Amino acid sequence: MAQVEKRGGLLRKSSASKKPLKEKVVLMYDEIFMTEDPSKCSPRFWEELFLMKVNLEYLEGKLESLDGEELMQMKDNVNCLFQHCIQALGEEHPIRVVNALQTLCALIRGVHQKNKSTSGFDIINMLMGFDKAELCMKNLMESLDSLLCAEGSESLKSLCLKLLLCLVTVTDNISQNTILEYVMINSIFEAILQILSHPPSRREHGYDAVVLLALLVNYRKYESVNPYIVKLSIVDDEATLNGMGLVITQALSEYNRQYKDKEEEHQSGFFSALTNMVGSMFIADAPEKISVQTNEAILLALYEAVHLNRNFITVLAQSHPEMGLVTTPVRPTPPTPVTPLGTTPPSSDVISSVELSLDADVQTSNLLIAFLKYSSIVMQDTKDEHRLHSGKLCLIILTCIAEDQYANAFLHDDNMNFRVNLHRMPMRHRKKAADKNIPCRPLVCAVLDLMVEFIVTHMMKEFPMDLYVRCVQVVHKLLCYQKKCRVRLHYTWRELWSALINLLKFLMSNETVLLAKHNIFALALMIVNLFNMFITYGDTFLPTPSSYDELYYEIIRMHQSFDNLYSMVLRLSTNAGQWKEAAGKVTHALVNIRAIINHFNPKIESYAAVNHISQLSEEQVLEVVRANYDTLTLKLQDGLDQYERYSEQHKEAAFFKELVRSISTNVRRNLAFHTLSQEALLKEFSTIS
């Protein structure tokens, strides 16, 4: 018997017969793309159409092949198809519903693809007609809402979410997608929340629901009142917020796991063995980068939740029951293909394993730990544009957290100690820290470690000024909380002081190159004022009196760096150049640091001379410092513990518009034909009842 091949909707016998035979559904599509109403000759046309397996590729390709004028000629039939799809969503037979949902996906994408240059109103007219648009979209959104909230098929719910993602992302700039006005009016917000609050639904559809919500929140968020923003900001249901937090935790944990697997594979690979053998032969080579695609979509969802909903802050430190220590073996999961920006959700197998698997030495985990680990990975390499955007968004999220009173309360809570293994950039002058050596500490210590790590590892030619400013601001906001609440945090403050002084040295040694692109004095002023915070208020939040002594020791030890900075800013503040005012502010801010250096240095030199010591030990210097505090005079500086609160609309609007455009493009790209395949769906609906 001759074999039958199927290509693009054509059936062709591989015998001598050359003439291809078309599938019935393709013939029916061809009838729709005529100017005549197909149901005139065949009254049961629409009823039969939705019993046929959809040929997405052919339908979308057909729409793409027509020019605008041809498409307008068959507008009535396209409108009719759209309306019959919506009617079919109310059918009892799931096969009809599946086919209607998939046909809608193809119609929406095909018409948008064809009308990229035209306005959204033309597309609305082409799909459903201006006169019927409001009623059509109302019926469509009500049907989707019913399907998402019903007890029925999980595959149908998945397809509904895919259709909604398709609808939201057909334009790169979602704010130009006028169809979304109807999604604003006919809200599906409650349906999304129901998915997130119900564990079985959340496991199956949580990722798509969270990404959909993040995108809807960004529709015309600066131009009009977006009901999704309003509703998200007042959600207070614990199960819903925890469900959303768990979905984000799982996606970030999956990224962290993939990165760790690649890192271990890299370390145990041939390259690693070879370098171990030949030793220093490759010492000049840069470390090979380990790359796993970032996930801006899930990061945007985390940002919107943290930024808009104060109740969500409690979720950050919530230990999820599924995230406990591994007690039963977890079956290995097959590797999943990585897509751009990681916008494809992890498989359900991966999600269930992430809920269980944790580092063996960590008893519990939470969203904040997963986020800090994720941040430590993406912030390593900011030369890549996607990672730069991810790194910036991580710092914006940390800024929102550092400003929140409740978040600070659990960050600094001595009763909530965690061992957080942050990823550190490979550097030739330091050894890789052993994970086992990391102590259990309050979570704020991990945030500070992350900031110190960024400061130390990004002093380079392509200087990420914006990220440095945000990084120092996060540290400043945490110190303001510690000063206000008199929290004495046991942290290795010396590492922070050393990192900040090295950053000042880098700014000075690259003054000419950096000043051509950046106002380095704004960053220098922030760093100097961090030291002023420690000098003025350190006795209220440093853990011990000896910590305060060590601060003075560090300033005195590195006095040359502060002297050089003073010389530089004095030179520029006395010249009538563009940096006069900015440099002048740094000059004034250095007054107390210079007072400390000028007060203690002569006394240290005198002590050395009297005792005939050429080089004093740290303890001897500290002895001199302790003995001469009483005669030190410092000026009270105002506003050190004040800061400007984060504002998205005024400063970050352009960044978020570009970020959402990038996410929208990638979500659309990942809604490929195979993700809308009928095979899995038809297994559920093998018979039509």
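Helices here are DSSP runs of H or I with at least four residues, numbered from the N terminus. Axes are lines fitted to C-alpha atoms over the stretch in contact, and angles run from 0 to 180 degrees between N-to-C directions. This is a predicted model, where local features need pLDDT of at least 70, side-chain atom pairs count only at 80 or more, and totals for chains, interfaces and linings use all residues. Numbering starts from 1 along each chain as its sequence is written, and side-chain values use heavy atoms, without hydrogens or water.

**Stop one: a helix pair.** Select 189–197 (H11) and 238–267 (H14): their axes sit 7 Å apart at an angle of about 75 degrees. H11 and H14 are therefore roughly perpendicular (65 to 115 degrees). Now show the side of H11 with Leu193, Leu196 and Ser197, which meets Ala239, Thr240, Gly243, Met244 and Val247 of H14 (contact: heavy atoms within 4.5 Å).

**Stop two: the largest cavity.** A cavity is a set of points on a 1 Å grid, over protein atoms alone, where a 1.4 Å probe fits but cannot get out; lining residues have an atom within 4 Å of a point. Four cavities of 30 Å³ or more turn up, and the largest has a volume of about 60 Å³ (the space filled by probe spheres set on the points). Select its lining: Ser375, Ser376, Met379, Gln380, His423, Met425, Leu450, Glu453, Phe454, Thr457 and His458. Then colour by helix: H19 (367–378) and H22 (443–457) each supply at least two lining residues, with H22 giving the largest share, four.

Methods
Angles under 35 degrees count as roughly parallel, over 145 as roughly antiparallel, 65 to 115 as roughly perpendicular and the rest as oblique. On a 1 Å grid over the protein atoms alone, a cavity is a set of points where a 1.4 Å probe fits but cannot get out, and a pocket is an open set with protein on both sides within 12 Å along at least five of seven lines; lining residues have an atom within 4 Å of a point.
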